[in-house]
Amino acid sequence: MFSEDFVVRSYEELKRDVEALEEEATLLRERSHEALRRSDELRLQSVELRMEDPGAAESLWQEAEDLRSQAREMLRLSVEKRINAAQIQHRIDIHDQIEAVADQADRLWKDAVKAGRF
């Protein structure tokens with residue numbers, strides 16, 4: 001359970017994870033929008049069919065509601081993946097900042113040693 005938190009991952013692996021999560025999030029969002037569009041079509045068909053065949057109209061309406069439920073879940077997953085990607089990207093950004101500060105500190109230290117001051 002906790003062992004995953006302590007796995008050392010390379011900078012490149014983290015970048016690939018961010019890209020993969022963002023791609024998955026985008027795909028889920030697109031699928032969610034498509035499911036909502038299809039749900040709206042089914043609702044319209046259901047309303048038009050209501051007077052002719054109430055049973056079929058109810059079936060279409062139920063299918064539309066199922067699609068809406070699936071669309072909400074896909075959108076929730078999309079947001080979750082974007083949040084995970086942002087958290088990983090934040091770690092990458094912090095890593096980059098630490099390296100920049102460390103490089104600058106090393107350079108300043110070497111300059112001070114050369115100058116005979118420390």
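These exercises concern a predicted model.

**Exercise 1. Helix H2**

Compare the span of H2 with the expected one, and state which residue follows the helix.

Solution. 
- Helix H2 covers residues 54-115 and has 62 residues.
- From its first C-alpha to its last, H2 reaches 91 Å, close to the 92 Å expected at 1.5 Å a residue.
- Gly116 comes after H2, and its phi is positive, near 80°.

**Exercise 2. The buried residues of H2**

List the buried residues of H2 and name a helix that helps to cover them.

Solution. 
- The buried residues in H2 are Ala57, Leu60, Ala64, Leu67, Arg68, Ala71, Met74, Ser78, Ala85, Ile88 and Ile92.
- Helix H1 is included in what covers these buried residues.

**Exercise 3. Arg68**

Is Arg68 buried or exposed, and which residues does Arg68 touch beyond four places in sequence?

Solution. 
- Arg68 is found in helix H2.
- The relative accessibility of Arg68 is 18%, and the cut-off for buried is under 20%.
- Arg68 therefore counts as buried.
- Not counting residues up to four places away in sequence, Arg68 touches Leu36, Ser39, Asp40 and Arg43.

**Exercise 4. A nonpolar surface patch**

Name the residues of the nonpolar surface patch of about 210 Å², and classify Val79 by its relative accessible area.

Solution. 
- Leu75, Val79 and Ile83 make the patch.
- Val79 is found in helix H2.

**Exercise 5. Salt bridges**

State how many salt bridges the structure holds, then describe the pairs Glu41 with Arg38, Arg76 with Glu73, and Glu58 with Arg50.

Solution. 
- The structure holds 10 salt bridges.
- Side chains of opposite charge can pair when their charged atoms come close.
- Glu41 and Arg38 form a salt bridge at 3.3 Å, N to O. Both residues lie in helix H1, three residues apart, about one turn of the helix. Glu41 is partly exposed at 33% relative accessibility, and Arg38 is partly exposed at 31%.
- Arg76 and Glu73 form a salt bridge at 2.7 Å, N to O. Because they are three residues apart in helix H2, about one helical turn separates Arg76 and Glu73. Arg76 is partly exposed at 41% relative accessibility, and Glu73 is partly exposed at 36%.
- Glu58 and Arg50 form a salt bridge in which the closest N and O atoms are 3.8 Å apart. Glu58 is partly exposed at 39% relative accessibility, and Arg50 is partly exposed at 33%.

**Exercise 6. A salt-bridge network**

Which residues are linked with Glu41 and Arg38 in a network of salt bridges?

Solution. 
- The network links Glu34, Arg37, Arg38 and Glu41.
- Two of its members, Glu41 and Arg38, are the pair whose side chains meet at 3.3 Å, N to O.

Technical notes: Residues numbered from 1 in each chain as written. Predicted model: local features only at pLDDT ≥ 70, side-chain atom pairs only at ≥ 80, totals over all residues. Heavy atoms only, no water. Helix = DSSP H or I, 4+ residues; strand = E, 2+ residues; numbered from the N terminus. Buried < 20%, exposed > 50% of the residue type's maximum accessible area, 1.4 Å probe, protein only. Contact = heavy atoms within 4.5 Å. Expected span 1.5 Å × (residues − 1). Patch = residues over 30% accessible without salt bridge, like charges linked within 9 Å, V, L, I, M, F, W, Y side chains within 5 Å. Areas by Shrake-Rupley, 256 points an atom, 1.4 Å probe, with all protein chains shown as cover. Salt bridge = Lys/Arg side-chain N within 4 Å of Asp/Glu carboxyl O.
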